[in-house]
Amino acid sequence: MRRLGLVILFSALVCLVQARTYVVCAGISDYPGTVNDLRVSAYDAQTIDNIFQKNKYSESVCYTNANATTNNIIEAMNTMFGKADKDDVIMLYFSGHGIPGGLVCYDGFLYYSTIYQVMRKFDVRNKIIFADACFSGKMRYSNQRNDSRSKENVMLFLSSRSTELSMETPWQTGFHNSLFTVFLERGLRGGADTDRNRTLTANELYTYVHEGVVKASGNRQHPVMWGKFNGNMPVIKW
């Protein structure tokens with residue numbers, strides 16, 4: 001009986017160690033024309049991608065500017081998320097312009113409902129969307145009246161409330177990303193790991209990023225976490 005218990009415990013530990021995070025990053029600074037250009041969004045995506053590229057439990061792909069098209073991002077999600085097992089994490093990170101109910105890719109709109117349709121295809125327990133965009137809180141409001149988003153196991157972590165701007169270049173020196181991504185990067189690298197167990201949870205990350213952004217912005221930007229998910233859901237393991 002004791003040996004059986006040890007075997008079960010060992011199997012559980014192996015599953016925990018092998019749990020992985022699969023990430024698609026997209027950021028657009030250079031939109032068609034010049035009117036809608038941003039300054040740091042492409043670099044934001046590269047910054048987050050770099051974290052997961054260096055993490056041995058993760059796999060990441062990144063699209064920026066003209067490569068961050070609607071089709072490329074959807075195809076990348078299908079390919080990357082298709083590698084995940086049930087206890088893994090699948091994640092989309094986006095930095096750029098946002099609209100109510102969606103994101104503005106290089107060549108058009110990627111609606112929140114479409115992202116959900118892609119994620120719904122995969123039997124994965126942990127699903128995350130990071131959106132670093134002005135008025136990104138409006139992403140919560142779908143362009144479809146009766147959808148089933150409230151039943152989905154997806155964490156939606158938005159850079160600002162629906163009435164707020166997401167700051168690109170704060171007045172503080174030394175910040176090379178948008179304000180939200182500055183604290184997201186710091187949190188993912190370990191700053192949010194309050195219990196020092198080398199696994200960052202959704203709640204730990206939200207608390208760290210929210211407090212940092214609110215303070216640094218002078219209470220002018222408030223990240224929002226929304227959706228149906230377990231607050232102890234792992235985001236990244238080190």
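Reply: Start with D87, which is partly exposed, at a relative accessible area of 43%. The terms run as follows: buried is under 20% relative accessible area, exposed is over 50%, and partly exposed lies in between (1.4 Å probe, protein chains only). This is a predicted model, in which local features need pLDDT of at least 70, side-chain atom pairs count only at pLDDT 80 or more, and totals for chains, interfaces and linings use all residues. Residues are numbered from 1 along each chain as its sequence is written, and side-chain values use heavy atoms, with hydrogens and water left out.

Me: With which residue does D87 form a salt bridge?

Reply: A salt bridge is a side-chain nitrogen of Lys or Arg within 4 Å of a carboxyl oxygen of Asp or Glu. Here the partner of D87 is R125, with the closest N and O atoms 2.9 Å apart. D87 sits in the loop between α3 and β3, R125 in the loop between α4 (112–120) and β7 (126–132), so the pair links distant parts of the chain, 38 residues apart. R125 is partly exposed too, with a relative accessible area of 45%.

Me: How are those helices and strands assigned?

Reply: They are DSSP runs numbered from the N terminus: helices are H or I with at least four residues, strands are E with at least two.

Me: How many salt bridges does a search of the whole structure find?

Reply: Three. One of them joins E59 and K83, whose closest N and O atoms are 2.4 Å apart. E59 is in strand β2 (residues 58–64) and K83 in the loop between α3 (70–81) and β3 (89–95), 24 residues apart. Another pairs R189 with E185 at 3.1 Å between the closest N and O atoms. Because R189 and E185 are four residues apart in helix α5 (residues 179–191), about one helical turn separates them. R189 is partly exposed at 39%, whereas E185 is buried at 19%.

Me: Is N55 buried or exposed?

Reply: N55 is buried, with a relative accessible area of 2%. It is found in the loop between α2 (41–53) and β2.

Me: Which residues is N55 in contact with, leaving aside its neighbours within four places in sequence?

Reply: Contact means heavy atoms within 4.5 Å. For N55 the list is I236, K237 and W238. The side chain of N55 reaches the backbone oxygen of K237 at 2.5 Å. N55 and W238 are 183 residues apart along the chain, yet their C-alpha atoms are separated by 6.9 Å.

Definitions and conventions. A polar contact is a pair of N or O atoms within 3.5 Å; within protein, one must be able to donate a hydrogen and the other to accept it, and residues adjacent in sequence count only if both atoms are side-chain atoms.
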